[in-house]
Amino acid sequence: GLHQRLSLETVLIFFSVPFPLLFLIPGHYVLIAVSIFAFNFFRSMGQANSSPIICEVLKRNTWSTCFGFMNMVNSLAAGAGVVLAGFLKRYMGLRGVFAWVSVIILLAALILVYGYVRYIKRDLARVGLLESVGIPAGLH
């Protein structure tokens, strides 16, 4: 359910955090290739839970708006990231830029943890799933 999907997404995104830091080790191309694979694998597996979470929490008639907004924000962030990476490359090199990806992903994972702790009970109660995760109705 929602409770497990959010937890899994958060854990998998946390797993992806250290891999861009491996770009700081010079001359190990196999290590960098493994790093790219592992980062994308864990991040993508975590993101795969986003759609089911949206479908569980939001009303059906708002799904397309949410997916459209999410795609728009992702596209804008990707474009801004490329421009920012190009700018920062001059000052810290590509290795440094990729290492900073770890920091950004860590911040995203921490925001997920905050959202989980702050809003999970309310969202579970709203969709009628609070009791299904072992939280009695009187405790929320």
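Is Arg5 buried, partly exposed or exposed? Arg5 is partly exposed, because its relative accessibility is 29%. Here buried means under 20% relative accessible area, exposed means over 50%, and partly exposed lies in between, with a 1.4 Å probe and protein chains only.

The model is predicted: local features need pLDDT of at least 70, side-chain atom pairs count only at pLDDT 80 or more, and totals for chains, interfaces and linings use all residues. Residues are numbered from 1 along each chain as its sequence is written, and side-chain values use heavy atoms, with hydrogens and water left out.

Start with the fold. The chain has 4 helices and 0 strands. From the N terminus, its elements read α-α-α-α. Helices (H or I, at least four residues) and strands (E, at least two) are DSSP runs, numbered from the N terminus. Helix H1 covers residues 2-16. Helix H2 spans 29-47. Helix H3 takes in residues 50-57, and helix H4 runs over residues 63-126. Of the 140 residues in the chain, 23% are buried. Contact means heavy atoms within 4.5 Å. Among contacts with a separation of 6 or more, 66% join residues 24 or more positions apart.

The structure holds 1 salt bridge. A salt bridge is a side-chain nitrogen of Lys or Arg within 4 Å of a carboxyl oxygen of Asp or Glu. Side chains of opposite charge can pair when their charged atoms come close. Here Arg5 pairs with Glu56, and the closest N and O atoms are 2.8 Å apart. The pair links distant parts of the chain: Arg5 sits in helix H1 and Glu56 in helix H3, 51 residues apart.

Helix H3 also holds Val57. Val57 counts as buried, because its relative accessibility is 12%.

Now the interior. A nonpolar core is a set of buried Ala, Val, Leu, Ile, Met, Phe, Trp, Tyr and Cys residues joined through side-chain atoms within 4.5 Å. The largest one has 7 residues: Ile13, Val17, Phe19, Ala38, Phe39, Ile105 and Ala109. Helices H2 and H4 are the elements that give two or more residues to this core. Apart from it lies another core of 6 residues, including Leu6, Ile53, Ile120 and Leu124.

Two residues show local packing. Phe19 touches Ser35, Ala38, Phe39 and Phe42, not counting residues up to four places away in sequence. Ser16 belongs to helix H1. Ser16 is buried, because its relative accessibility is 0%. Leaving aside neighbours within four places in sequence, Ser16 contacts Phe39, Phe42, Arg43 and Ile105.

Next, the aromatic rings. A pair of aromatic rings is described by the distance of the centres and the angle of the planes. Rings of Phe, Tyr and Trp (its six-membered ring) pair if their centres lie within 6.5 Å; planes under 30 degrees apart count as stacked, over 60 as edge-to-face and the rest as tilted. The count is 6 aromatic pairs. In one of them, Phe15 and Phe42 have ring centres 5.5 Å apart and planes at 75°, so the pair is edge-to-face. Phe15 lies in helix H1 and Phe42 in helix H2, so this pair ties together parts 27 residues apart in sequence. Phe15 is partly exposed, with a relative accessible area of 46%.

Phe37 and Phe41 give a stacked pair, because their ring centres are 6.0 Å apart and their planes are at 15°. Both lie in helix H2, 4 residues apart, so about one helical turn separates them. Phe37 is exposed at 59% relative accessibility, whereas Phe41 is partly exposed at 39%. Ring pairs link Phe15, Phe19, Phe37, Phe41 and Phe42 into a cluster.

Finish at the surface. Accessible areas come from the Shrake-Rupley method with a 1.4 Å probe; for residues, only the protein chains shown count as cover. The chain's accessible surface is about 9200 Å², and carbon and sulfur atoms account for 73% of it. A nonpolar patch comprises Leu84, Phe87, Tyr91, Met92, Trp100, Val103, Leu106, Leu107 and Leu110, with about 860 Å² of accessible area together. Patches are made of residues with over 30% relative accessible area and no salt bridge: like charges are joined within 9 Å, nonpolar side chains (Val, Leu, Ile, Met, Phe, Trp, Tyr) within 5 Å. Phe87 is partly exposed at 43%, and Leu110 is partly exposed at 44%.
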